[in-house]
Amino acid sequence: MERNFKSDFERFLKESADQYKMYPSDKVWKGVNNSLHNRKKWYGLGLLLLLLTGGFITTLFVRGPKTETVVSQNSNTVTPSVESTSAEQKQKAIVKNITDAPNYKPAVKSGNNILPGILSSDNNMFASEDNGSQNIETENTATPNESMNSLALVNETNNVATTENKTTFTSSPLDEYVPHSNTQKDVAAVNENKPSLKPNSILQNPYTIESVVNSFSKNKPSFTSRRRVELQLSFTPTISYRKLTANKNFLRNATAQSTPYNYAAIYNSVSNVKNVVTHKPDMGLELGLTAKYAVHHNIKIKAGMQFNINRYDIKAFYHPYDVATIALNSGVRIDSLKTIAEYRNIGSSSQSNWLQNYYFQVSMPVGVEVLFGKNKNVRFGMAGTIQPTLLLSERAYLLSTDYKNYTEVSWLTRRWNANTAFETFVAYSTGKLNWQIGPQVRYQLKSSFIDKYPVKENLFDFGLKVGVTLNK
Amino acid sequence: MTEEALLQGCLKNDTAAQRELYNRYSPKMLSVCYRFAHNREDAEDMLQEGFIKVFSQIHTFENRGAFEGWIRRIIVHTCINILKKNKKFNESVDIIHATGVQVREDSVPSIIQAKQVVECIRLLPIGYRTVLNLYAIEGYSHREIAAMLDVEESTSRSQYTRAKAMLEDILVRKRIMQKPKPNTDWLAAVGRR
């Protein structure tokens, strides 16, 4: 290349060109530096994204069940129940229970007073009888606590204390229901001024905290167990490798084309690819955050996000300035791509080098985990997942069709893919933490390269997965 | 810092060594890219991609020949790959009968001769310019150029002949050189002898 210039004109041109210098802007170096040292940034960004997604998924699952108190029509006690129906439906159920009671009387407003009685979901105040007013007050929409407070206000000011707030009567645990401290006194005071309450099964046991608590402990309410969601952080060092096979669609299309291509050579070259390549596995890594939802004592559904690094090495020989030809199946015909290659598949040992192909992926594994054994501290388990995968970054040296050269053509790499994983593990609890450790195998379902490329590459890796969960 | 120390630092992915190497060779390499590119922005993009390749493949440098020459080859290959990827090159290298270049008298400012020559080279169509750069300045043979550009060797030769004639015309019209006579002494034509 550094030949003697035969022409003075050429020498003149070269000297003039070599004398000329230009100084690049700062953004060029920034681009070079960022490209060389951006892996750490990718990892940091990926970890942040992983944590945010895991937190979001956990927030969706960890919404506690709603508990509620209903008044039984045949009992003086309170039977708590846990329901997931809407507040409105609960209100209707409660009202129905009360209105079906034998001694039900609607609320009565006497003058400016509202006679105390049973509180319903819509906070109509009930009283047994009133000799005076026939008005029915139905507009009081105070919450149970507020209604009790309104009793106090009634007693003190003798005025109706209403609120304009709509009844929320939403679920609240029993221990949150705390009536006003002067409730019983207020009830007694009001009762003194008004006709006494007609005894009935409901009114004999006013809605006091003691009756509620006592009935709770006696009746042993049948809660459905609150489903727990676990969040597991996992780390898996892996050994990554690949499987090379011929792209059969490419072969079928190649043999069907009537173009001046050497089909026999293409067929033979593609189908024997794994025999002419020297490659070896390399270390990889998987980092994941998984949310597990227990649908059964021994079965959990899991979903999360993970990052994978797959690597393997290819033996190549440095030989620049070669033109590499890659035959591509465009569906209609066989096209060819020519590019400058700097490495050969075959060469002298003095020029040998190991090229490293790597793939940096993000996946969303979804699957099932099954546990065996009854020992709470040590259990055996298995899990399987399907993982939609997005390729974030890669460096892949591709082989030319004649097997002679390696070259980089990034647009031949597939961006979206899918993986499957299977693992077995031993789960061990240390009190605060639950540990899982065991082998895992992961296999890429679709080729790393698009269908145009004549060779299929399926990545797979083996690793030892270590997971930790905070035991609440 | 010596070249050996720079190499060792770059092999260790040391940012300071990489920066020093970049500062040392980027001015000349940018002028190489500028001769291939349409404009300065494209030239800087080529330079950036070229140096990324230099640093990522620096472990393959085998101390055979000058380090600057090794960098220059990578930069030139990067420029060619970018031109081919952007398909700007293919559109012009097949233009066998390129029209004459209209040279404005004020298109090249009054500057030293080196820059004048470079600017005149950039006035050529992209196909002519590429072949002329590769043959006359970078020293590739027509066979190597044909393989790089995916053309026939005869095409490379004919493109270079036309490029050379067109450049002569531009240099004369810009009064950088006198119109050469047959078998002329070029150095005398440009006033160097």
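Which are the buried residues of helix 6 of chain B? They are B:A114, B:Q116, B:V117, B:V118, B:E119, B:C120, B:I121 and B:R122, where buried means under 20% relative accessible area, exposed means over 50%, and partly exposed lies in between (1.4 Å probe, protein chains only). The model is a predicted one, in which local features need pLDDT of at least 70 and side-chain atom pairs count only at pLDDT 80 or more, while totals for chains, interfaces and linings use all residues. Residues are numbered from 1 along each chain as its sequence is written, chains are lettered from A and ligands numbered from 1 in the order in which they are written, and side-chain values use heavy atoms, with hydrogens and water left out.

**Chain B as a whole**

- Chain B has 10 helices and 0 strands, helices (H or I, at least four residues) and strands (E, at least two) being DSSP runs numbered from the N terminus.
- Of the 193 residues in chain B, 52% are buried, and the accessible surface of the chain, about 8900 Å², belongs to carbon and sulfur atoms for 47%, as computed by the Shrake-Rupley method with a 1.4 Å probe.
- Among the contacts in chain B with a separation of 6 or more, 66% join residues 24 or more positions apart, a contact being heavy atoms within 4.5 Å.

**Helix 6 of chain B**

- Because 8 of the 10 residues of helix 6 (residues 113-122) of chain B are buried, this helix is largely enclosed by the rest of the structure.
- The cover over its buried residues includes helix 1 of chain A, together with helix 2 (15-36), helix 7 (126-137) and helix 9 (153-173) of chain B.

- Beyond its neighbours within four places in sequence, B:F51 is in contact with A:V32, B:L21, B:Y22, B:Y25, B:S26, B:M29 and B:I75.

**The interface between chains A and B**

- The contact takes 41 residues from chain A and 59 residues from chain B, and the two chains bury about 4900 Å² between them, 60% of it on carbon and sulfur atoms, where buried area is the accessible area (1.4 Å probe) that two parts lose on being put together, summed over both.
- Between the chains there is 1 salt bridge, a side-chain nitrogen of Lys or Arg within 4 Å of a carboxyl oxygen of Asp or Glu, and this bridge joins the side chains of A:D18 and B:R72 (3.1 Å, N to O).
- Helix 1 of chain A gives the most to the side of chain A that touches chain B, with 11 residues.

**Individual residues**

- A:L390, found in strand 11 (residues 378-395) of chain A, is partly exposed at a relative accessible area of 26%, and it is 26 residues from A:W416 in sequence but 4.8 Å from it in space, C-alpha to C-alpha.
- B:N13, in the loop between helix 1 (3-11) and helix 2 of chain B, has a positive phi of about 60 degrees although it is not a glycine, and is partly exposed, with a relative accessible area of 38%.
- B:D150, in the loop between helix 8 (142-149) and helix 9 of chain B, has a positive phi near 60 degrees in a residue other than glycine, and counts as partly exposed at 40% relative accessibility.
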